[in-house]
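I opened my notebook to look up a few side chains, one entry at a time. Here is what I am looking at.

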Amino acid sequence: MSPPRILGRMEMYEKVEDLGEFWSTTSRFGEQTVIEKLVPTMKARLALSLIEKWGMVACDPMHGEDSSGRARMRLLKPGEVVDRACETAEIAVERMTRLGWLEALPKPKERSGD
């Protein structure tokens with residue numbers, strides 16, 4: 001049984017490739033791993049959770065009222081929900097970046113030719 005991995009510990013890899021948002025690493029045993037370059041902070045994760053909970057329950061007010069006097073609403077169509085979710089996510093990521101709520105991870109260490 002292998003020892004538990006310690007979070008934040010930087011391992012040495014035989015090969016590290018830059019894939020844009022990710023790094024692809026290859027260990028000395030040939031195991032490949034994909035590592036994200038950005039990790040959301042607690043505040044960012046909370047904001048994303050709120051977006052998941054509230055952002056998809058979207059209605060559009062309709063003219064008039066129902067028989068109980070409440071405003072009439074219609075659920076957004078699936079395409080409208082997707083558009084709203086993408087726009088909300090784009091605004092949220094831009095704001096989180098501006099507030100410093102996204103942390104950049106260092107590039108994994110590549111093993112030098114021993």
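**Entry 1: lysine 15 and its partner.** I looked up lysine 15 first. Its relative accessible area is 42%, so lysine 15 is partly exposed. The model is a predicted one. Lysine 15 has a salt bridge to the side chain of glutamate 17, at 3.6 Å from N to O. Glutamate 17 is partly exposed too, because its relative accessible area is 32%.

**Entry 2: the other salt bridges.** How many salt bridges does the structure hold? I noted four. One of them joins lysine 37 to aspartate 18, with the closest N and O atoms 2.6 Å apart. This pair links distant parts of the chain. Lysine 37 is in the loop between S4 and strand S5, while aspartate 18 is in strand S2, and 19 residues separate them.

Is lysine 37 buried or exposed? I found 19% relative accessibility for lysine 37, and the cut-off for buried is under 20%, so lysine 37 counts as buried. Aspartate 18 has a relative accessible area of 54%, so aspartate 18 is exposed.

I then turned to glutamate 80. Glutamate 80 forms a salt bridge with arginine 74, and their closest N and O atoms are 3.0 Å apart. Glutamate 80 counts as partly exposed because its relative accessibility is 29%. Arginine 74 is at 26%, so arginine 74 is partly exposed as well.

**Entry 3: serine 24.** I found serine 24 in strand S3, which covers residues 22–26. Serine 24 counts as buried because its relative accessibility is 11%. Which residues does serine 24 contact, leaving aside neighbours within four places in sequence? I listed Lys15, Val16, Glu17, Leu19 and Thr33. Lys15 and Glu17 are the salt-bridge pair from my first entry.

**Entry 4: serine 27.** Serine 27 sits in the loop between S3 and S4. Its relative accessibility is 13%, so serine 27 counts as buried. Not counting residues up to four places away in sequence, serine 27 touches Tyr13 and Glu14.

**Entry 5: a surface patch.** I ended at the surface. Leu19, Phe22 and Val34 form a nonpolar patch there. Together they have about 270 Å² of accessible area. Valine 34 lies in strand S4, residues 32–36. I noted 55% relative accessibility for valine 34, so valine 34 counts as exposed. Leu19 was also on my contact list for serine 24.

Terms used. Residues are numbered from 1 along each chain as its sequence is written. This is a predicted model: local features need pLDDT of at least 70, side-chain atom pairs count only at pLDDT 80 or more; totals for chains, interfaces and linings use all residues. Side-chain values use heavy atoms; hydrogens and water are left out. Patches are made of residues with over 30% relative accessible area and no salt bridge: like charges are joined within 9 Å, nonpolar side chains (Val, Leu, Ile, Met, Phe, Trp, Tyr) within 5 Å. Accessible areas come from the Shrake-Rupley method with a 1.4 Å probe; for residues, only the protein chains shown count as cover. Helices (H or I, at least four residues) and strands (E, at least two) are DSSP runs, numbered from the N terminus. Buried means under 20% relative accessible area, exposed over 50%, partly exposed in between (1.4 Å probe, protein chains only). Contact means heavy atoms within 4.5 Å.
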